[in-house]
Amino acid sequence: MTRAADATASPVKEFDAVVVGAGFAGLYMLHRLRGLGLSARVYEAGGGIGGTWYWNRYPGARCDVESMDYSYSFSEELQQEWKWTERYASQPEILRYIEHVADRFDLRRDIELKTRVASAIWDETANRWEVRTDRGDRVFAQFCIMATGCLSTAQTPAFKGLETFGGTWNHTGTWPHEGVDFTGQRVGVIGTGSSAIQSIPIIARQAASLVVFQRTPNFSVPAHNAPLDRDFEGRVKANYAEYRRQARESRVGFVVASNDTSALAATPEERLREYEARWNRGGLGFSAAFSDLLVSKDANDTAAAFFHDKIRSIVRDPAIAEMLSPTGYPIGTKRMCVDTDYYATFNRDNVRLVDLRKHPIEAITPRGLRTRDAEYELDSIVFAIGFDAMTGALLGIDIRGRDGLTLGQKWAAGPRTYLGIAIAGFPNLFAITGPGSPSVLSNMIVSIEQHVDWIADCLVHLRAHGLHRIEATVDAEEAWVAHVNEVGHATLYPRANSWYMGANVPGKPRVFMPYVGGVGAYRQRCSDVAAKGYTGFSLASA
Ligand code: N01
């Protein structure tokens, strides 16, 4: 875009803050900024608000954190009045909730939809960001707040011959709003992560036939979803503030029954009892069955063996059960999946499983998909191939900090942040749930609220002290990156080729991106930094 062309675009506007993204993070940030009396503009690429829950409309999309946990806590009236219908909320219900929040707090008037932020350039002399959008807006803001989400940049399917395919194809992360009717169709699903594992059982029931193309099998635990237990809801709501406090201080942002004993100290019978209890309860609490599942490979192997037994007990064909059983990485080091009838789906006559490690995809063809050994005729392909996680959305914007340094240059060898919130060289820029914070290893809403509140408090501090800029120091950032690495490498996480490591995107640097030190401990650290006058940041009045 040229400057001459810009002169004819919308008039230049100035805000205290520009917020990028109108998902859970952007909406709450806007609410807090308003409360502080600051002017703000939110830009959202989607045609509606909701972020993840606007885009991910694939069959079976639902949250695998329970609904009483996966919701805002900032308003007592909101959390008391909203009534979830199920233990795990579905995508349409979560989107209805987000729409309700936007209306209830009158947020829409400061949000511009269908507008993608193209660039954010720091103006050193004016101490402000110049933000441009793909619709020709050019605005200035003292603060730029990235609420861009961790899993919002869908991976583009890069399969040879895709353009020749005669059927229809969709990515789970950009699903058509009108839905897709697979009735009578021959369908192929590529990928076996959370999105695939949720959609495969539903597609299998609808389609004439389904072929699942699996590169890496995943560990999946049953959801045991059900209508929300009204007694449980009543108990939580009677004491919601305390329930939320415990979540904030917990390791993952929701309370699970933890167990301080080592899996290796337990007898085989005790282990089996514990694993069975977790499996029967359902959901992500499985990882907390013993204290050392994510730090000791031997302990982890006991949990993996339990899963393998479960898969064998559900899937009738031993060869298929074997193919579905993950062996190449420790359980929990790729995001665990939560499913309804996933493994049992492979007992259906109309479902086939193809192991892409043995039979790699050669090309998409006009009639379907060809592996090295066979051709599959397909009417529809579902790409459940995931996202350029944690850094994709940020690096998709041309962000330039001091001295013209681009974020792409700064992060060439992997993301570097201070606390996952700030980046040295990029003053007055905040990332909500950025790399280096617990983010994707936690209940995202808890982590979002913590970051938004921290940023809001920071802005209050700056204003109260007549300060106009804040920037992470290089030393503080170095120390934080080293700490994130140290705690990450003390676990088994780096042993998996996961999207946590950037391993799912060809050419992406291999860095363990989230902070594994725990939500409660991390929160305390951020609070200490603020309480001590923002240690690790340089603050200036001009
Ligand atoms: O994506 P994924 P997702 N050829 O990256 C495979 C959250 N989420 O959308 O493992 C063939 O997990 C890839 O194989 P591999 C949750 O945090 C939450 O499912 O890289 N296959 C993998 O099997 C989750 O973790 C919820 O070898 C290719 C799959 O595609 C995250 O979002 C629901 C391939 C991608 O799995 C992402 O989940 C959904 C290729 N070229 C998502 N490229 C809930 O709350 C990739 N794959 C329930």
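This is a predicted model: local features need pLDDT of at least 70, side-chain atom pairs count only at pLDDT 80 or more; totals for chains, interfaces and linings use all residues.

**Exercise 1. Which exposed residues does the face of α8 turned away from its buried side carry, and which residues of α8 are buried?**

Solution. Step 1: the face of α8 turned away from its buried side carries Ala241 and Glu249, both exposed. Step 2: within α8, which spans residues 240-249, the buried residues are Tyr240, Arg244 and Ala247. Step 3: viewed down the axis of α8, these buried residues fall within an arc of 55°, so they line one face of the helix. Step 5: the cover over the buried residues of α8 includes α4 (76-81), α7 (230-238), α15 (444-464) and α17 (519-531).

**Exercise 2. Determine which residues of α7 are buried and which are exposed on the other side.**

Solution. Step 1: Glu233, Val236 and Lys237 are the buried residues in α7. Step 2: they cover an arc of only 95° around the axis, which places them on the same side of α7. Step 3: the other side of α7 holds the exposed residues Asp231, Arg235 and Ala238. Step 4: among the elements that cover the buried residues of α7 are α4 and α8.

**Exercise 3. Classify the packing of α15 and α17 as roughly parallel or roughly antiparallel, and identify the residues that make the contact.**

Solution. Step 1: the axes of α15 and α17 are 11 Å apart, and the packing angle is about 0°. Step 2: angles under 35 degrees count as roughly parallel, and α15 and α17 are therefore roughly parallel to each other. Step 3: α15 contributes Val446, Ser447, Gln450, His451 and Trp454 to the contact, while α17 contributes Val519, Tyr522, Arg523, Cys526, Ser527, Val529 and Ala530.

**Exercise 4. At what angle do the axes of α9 and α10 cross, and what is the handedness of the crossing?**

Solution. Step 1: the axes of α9 (residues 268-281) and α10 (residues 297-314) come within 11 Å and cross at roughly 60°. Step 2: α9 and α10 are therefore oblique to each other. Step 3: the crossing in which α9 passes α10 is right-handed. Step 4: on the α9 side, Arg271, Leu272, Tyr275, Glu276 and Trp279 take part, and they meet Ala299, Thr302, Ala303, Phe306, Phe307, Lys310 and Ile314 in α10. Step 5: the residues of the contact of α9 with α10 divide into 8 nonpolar, 1 polar and 3 charged.

**Exercise 5. Where do arginine 372 and glutamine 155 lie, and what does each contact beyond its neighbours within four places in sequence?**

Solution. Step 1: arginine 372 lies in the loop between β14 (368-371) and β15 (375-377) and is exposed, with a relative accessible area of 52%. Step 2: leaving aside neighbours within four places in sequence, arginine 372 is in contact with Lys358, Pro360 and Glu362. Step 3: the C-alpha atoms of arginine 372 and histidine 359 are separated by 5.6 Å, although these residues are 13 residues apart along the chain. Step 4: glutamine 155 lies in the loop between β6 (138-146) and β7 (168-171), and at 15% relative accessibility glutamine 155 counts as buried. Step 5: with neighbours within four places again left aside, the contacts of glutamine 155 include His171, Phe387, Asp388 and Pro506.

Conventions:
Residues are numbered from 1 along each chain as its sequence is written. Side-chain values use heavy atoms; hydrogens and water are left out. Axes are lines fitted to C-alpha atoms, for helices over the stretch in contact, and angles run from 0 to 180 degrees between N-to-C directions. Helices (H or I, at least four residues) and strands (E, at least two) are DSSP runs, numbered from the N terminus. Angles under 35 degrees count as roughly parallel, over 145 as roughly antiparallel, 65 to 115 as roughly perpendicular and the rest as oblique. A crossing is left-handed if the near helix is turned anticlockwise from the far one by less than a right angle, and right-handed if clockwise. Contact means heavy atoms within 4.5 Å. Ala, Val, Leu, Ile, Met, Phe, Trp, Tyr, Cys and Pro count as nonpolar, Asp, Glu, Lys and Arg as charged, and the others, Gly among them, as polar. Buried means under 20% relative accessible area, exposed over 50%, partly exposed in between (1.4 Å probe, protein chains only). The arc is that of the directions from the helix axis to the C-beta atoms.
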